[in-house]
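Here is a short report on a single protein chain. Please look over the sequence and the model before reading on.

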Amino acid sequence: RVLSKTADGKKDLLLLAPKKDDSKDKKAGGGAKKGVKSKVAAKTGGLMSQWDILRSMGITAEEAVNFVDPTYWLTYFPPKGMEDLKRFGLGVDWRRSFITTDFNPYYDQFVRWQFQKLRQGNFIAFGKRPSIFSEADKQPCMDHDRDKGEGVNPQEYTAIKMRVLEPLPEVLAPLAGKQVFALAGTLRPETMCGQTNAWILPEGTYGAYEISPTVVYLCAARAARNMSFQDIFPKWGEPKLLLTFKGEQMLGAAVKSPLTPYDRIYMLPLTTISMTKGTAIVTSVPSDSPDDYAAFMDLKNPKKREFYGVKDEWIDPFELVPVLETPDLGPLSAKFMCEKLKVQSQKDVEKLKEAHDACYTSGFYKGVMTSGPFVGMTVQEAKVKTKEKMVKEGEAITYLEPENLVTPRSTPDVECVVALVDQWYLKYGEEAWQAAVGKHLEKDLECFNPAVHKLFREALAWLGDWACSRSFGLG
């Protein structure tokens, strides 16, 4: 019998999500928009625990206790699933069905043989690799372990170390005598020779984190949490917070930033910064970035400058610094595209997106460096070399975070991080292996459908080192 109440009689056991009251939406015009809460309710039936779900399915309390043993799930549900699929009339050769865990000794032996062959062929290795990581489970969180974020990979940033110059802003007074660096995350290290200022979110909450007794990093809390799992902080997984401050308290702070021709640049306000993307401190290269150009030119206007409380000396002495040139957009691509599209301000979001795509595509594929340590080199080559140089010389660090939100099934309210963890991994990105698979795909593999072939080709392009072990679980 399907129960309608929990054992204590206090909670409804609903298998269907309750209907959403969308009268207000209809009154305002248009249908109700599906939200995250309604999706969650639809998946869980509004139930609050695994026990509730099992009981609502008609499983007795005595039998439900057996599900404490993970292997019991493997014997209980597959026959019922098979029965339902047969009732649907699904044509399946059930002789070929099997369980893909070590509960099945034959499959387990096959996996052992497979991985021994991979290891003998040098296709598998062991070491510290960046992985999406569940802090609660203390292991990499693979796609099948995720509540949200299937397919999300680590995103690598170059975090530029901007030295905050004396005198420190009043809010940082307790850090006097220490080396204080504002970390600005960037995906374009090769353009750092064109910096004119740095951006910070005025209403954002930032932290000062101790790296050593004499060194402090400034960044968003989310970034610090990720860094703590990447051997950047002294204690793994525990960033030491010294103090917090609002972005507005850093406006006008002078910083010395690597590669820029200016002796000092200043922290200026930018309201479009996301506190959950990168370090939430952004370096500004208005000659190459349309978004930077639009915001920079806004502050060149005395009236807009006054509104944000920006002093003349923070912006007036600084001009665009050409960093690269392309045959179609010239030496100042951001200025060229913003003028071409008639961008009036940083609020012209759609035009700025179009300008951004044009500048970054042209710059990456056609650009040649005209400034910095690698003049004359293509942007693609300079990008890698500039990052290597800055990291080697202590002017930047490598920082990773999930490219989008990822949460584990075990603790769906706690976001996953990117961690450097010792693990076994498959070397899918190894050039010779990738080339051999690519050759087989083009010459021998019959995909039957061009779309399938395209998906294989795309997967080969992005697939790199892939974690293939975990500490616990059925898989």
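The model is predicted. The protein chain holds 14 helices and 18 strands. It has 475 residues, and 40% of them count as buried.

Four strands form an open sheet in the order β2-β1-β17-β18, and the pairing is antiparallel. Strands β2 (139–140) and β18 (465–467) are the edges, each pairing on one side only. Strand β17 spans residues 417–427 and pairs with β18 in the antiparallel sense over 3 bridges. Leu 426 has Trp 466, in β18, as its bridge partner.

Next, the helix. Helix α8 (residues 290–300) is largely enclosed by the rest of the structure, because 8 of its 11 residues are buried. Here buried means under 20% relative accessible area. The buried residues of α8 are Pro 290, Asp 292, Tyr 293, Ala 294, Ala 295, Phe 296, Asp 298 and Leu 299.

What covers these buried residues? The cover includes both strands and helices, as tabulated.

| Element covering α8 | Residues |
|---|---|
| β6 | 197–200 |
| β11 | 265–269 |
| β12 | 281–284 |
| α9 | 302–308 |
| α10 | 333–340 |
| α11 | 349–366 |

Conventions
Residues numbered from 1 in each chain as written. Predicted model: local features only at pLDDT ≥ 70, side-chain atom pairs only at ≥ 80, totals over all residues. Heavy atoms only, no water. Pairing = 2+ DSSP bridges. Helix = DSSP H or I, 4+ residues; strand = E, 2+ residues; numbered from the N terminus. Buried < 20%, exposed > 50% of the residue type's maximum accessible area, 1.4 Å probe, protein only. Contact = heavy atoms within 4.5 Å.
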